[in-house]
Every structure is written in structure tokens, then in C-alpha cells.
Amino acid sequence: MRLSVATNFDPALVDALRGYPVVELFGKLREDAVGGGRAPYQLAPVSRSLLAAHVRHARAAGISFNYLLNASCLGNREITRAGQAEIEDLCGWLCGIGVETVTVSSPFLLRIVKTRRWCHDFAAKAVRVDPEASRRALAAFLDFSNPASPHLRYLQFLLLRSWCGLWGLLLHGTPEIHGYVAESLRGFPCRNRMQEIFREQGFDVSTELRFFLGITGILVLRKPEVDPCEASCRGARRGIIPAPS
């Protein structure tokens, strides 16, 4: 059994957890570049220095720290240069103080965390998205993953760019407002690889429906029954998502 425990940032908590199978604490600052799953007023007013000290204390006790970047919506700030710079600065600082894991709720934010320059080791091993919370798991996604053929990928880009640009122009007066949709797909895995990732995480693709010339689709994933004890432990982790937390 491995436990993930919400922290109150009290050093006494770390000491009290010694002897229990706790592998990580999770929590976050009241305010940062991303936000979280709860309103800021519900969180403790923790300073950066206090968080850094808490992470060091936990690591000394053999407990890692999982920082939550699980806001349900970032208001599209994550697709702007300024917003991405703030996110990179935050993640670089988290890596520097010893945070080993982050939980995200946005595929685009996941891409930023896993591909940016500040700490490849942290990014490659630390991102944890949407742990299952029950014995049986069911998830449905609107899928924009890329086709395997580079020619079809380019066609998809042009169609999405035109379609999103049209609706941006009609609704907002500028074709750029939704342009990020097509651009973001450049960094996404191809459709076959996306389904491999789901299978690697223990999900079976039970239903796949394609729309708009196959560019978009709905994927329904099912996870076989898991051991109830293991499921309860994993369910204790906050996650998306859907994740990211």
C-alpha cells in the first residue's frame, strides 16, 4: 500500500506520518501562475519560503512532494508567450526546491511541462494525470489527435486553422482568437500513439467515433476491474482531471 496525503504545511504532519506507507504529500500555494482545483480563499496562505522548507522536510523523511497545477481553466493564458513564461518560471522554481511531481488538468499544460527546457528529468518522470478513483474506470474524450500520415496531418492543420479562424472572425472579430487549436496539435502525438498511451495506462478503447472528416472524434475508454485496496489508495490522489489536478 502506498499513500498520497494532502498537506497542511505543518512540520508536525511529516513527523506524524513516519512509519506509515506515505510516498508523497500534495498541495500548492494559494496563488501562482496556474491556479488549482479550489478557490484561493480555501487554501492556506503559504509563502514560497515556507513551501520550500516543507518540501525539504518531507524529502528528509523520505516523502516526495506533488505540486498541484490542476486549475480547470487558465483563461487561455497558457497559450500566450507571457503566460507560458510565467508557467516555466514557476515550474523551474518548483524543480529547484525539490518538487518531484506535478499534477495537471490540461493536455496543453502537460505539453509545456514535459517539453520545456528547465528540467527534463523532472518533466519526464513527474507528470501524473488523472489516477483512477474506483475499481472500474470510464473516461470519454473529445479527440483531436493527429493522423499518422504527415500529409493528412498537414491537411488537418489547414482545415482546423480555417474553420477555427472563421468562427473566431464571426464571433470575436478576429481569426486569431481560436488559432491556438490548430497550432497546439503540432505537438500532440499521432492518433495511433495516443491510443497506445491509453493502453499503457491500462485503458481499453471501447468506442471510437469520428467526425468532421475524421479530424475530431469521441473516444470512450474503459479500465478493467482493479484490486479494491490498490484502487482506494490511488483514489486518494487528487487528479484531474478530467486530470494534471
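Trainee: Okay, how many helices and strands does the protein have?
Mentor: There are nine helices and eight strands in the protein, and of its 245 residues 42% are buried.

Trainee: And what does the accessible surface come to?
Mentor: The accessible surface is about 13,200 Å², with 56% of that belonging to carbon and sulfur atoms.

Trainee: Switching topic, where is confidence lowest and where is it highest?
Mentor: The mean pLDDT of the protein is 77, with 81% of the residues at 70 or more, while the lowest confidence is in helix H5 (residues 120-126), at a mean of 42, and the highest is in H2, at 94.

Trainee: Which residues around there stay under 50?
Mentor: Residues 117-135 have pLDDT under 50, although the model gives them 61 contacts beyond four places in sequence. The pLDDT is also below 50 over residues 231-245, a stretch with 56 contacts beyond near neighbours in sequence. Where pLDDT is low, the predicted coordinates should not be read in detail.

Trainee: Back to H2 then, how do H2 and H3 cross?
Mentor: The axes of H2 (residues 48-60) and H3 (residues 81-97) come within 9 Å and cross at roughly 40°, so the two helices are oblique to each other.

Trainee: Which residues meet there?
Mentor: From H2, Arg48, Leu51, Ala52 and Val55 meet Leu90, Trp93, Leu94 and Ile97 of H3, and the residues of this contact divide into seven nonpolar, one charged and no polar.

Note on methods: Residues are numbered from 1 along each chain as its sequence is written. This is a predicted model: local features need pLDDT of at least 70, side-chain atom pairs count only at pLDDT 80 or more; totals for chains, interfaces and linings use all residues. Side-chain values use heavy atoms; hydrogens and water are left out. Axes are lines fitted to C-alpha atoms, for helices over the stretch in contact, and angles run from 0 to 180 degrees between N-to-C directions. Helices (H or I, at least four residues) and strands (E, at least two) are DSSP runs, numbered from the N terminus. Angles under 35 degrees count as roughly parallel, over 145 as roughly antiparallel, 65 to 115 as roughly perpendicular and the rest as oblique. Contact means heavy atoms within 4.5 Å. Ala, Val, Leu, Ile, Met, Phe, Trp, Tyr, Cys and Pro count as nonpolar, Asp, Glu, Lys and Arg as charged, and the others, Gly among them, as polar. pLDDT is the predictor's confidence in each residue, from 0 to 100. Buried means under 20% relative accessible area, exposed over 50%, partly exposed in between (1.4 Å probe, protein chains only). Accessible areas come from the Shrake-Rupley method with a 1.4 Å probe; for residues, only the protein chains shown count as cover.
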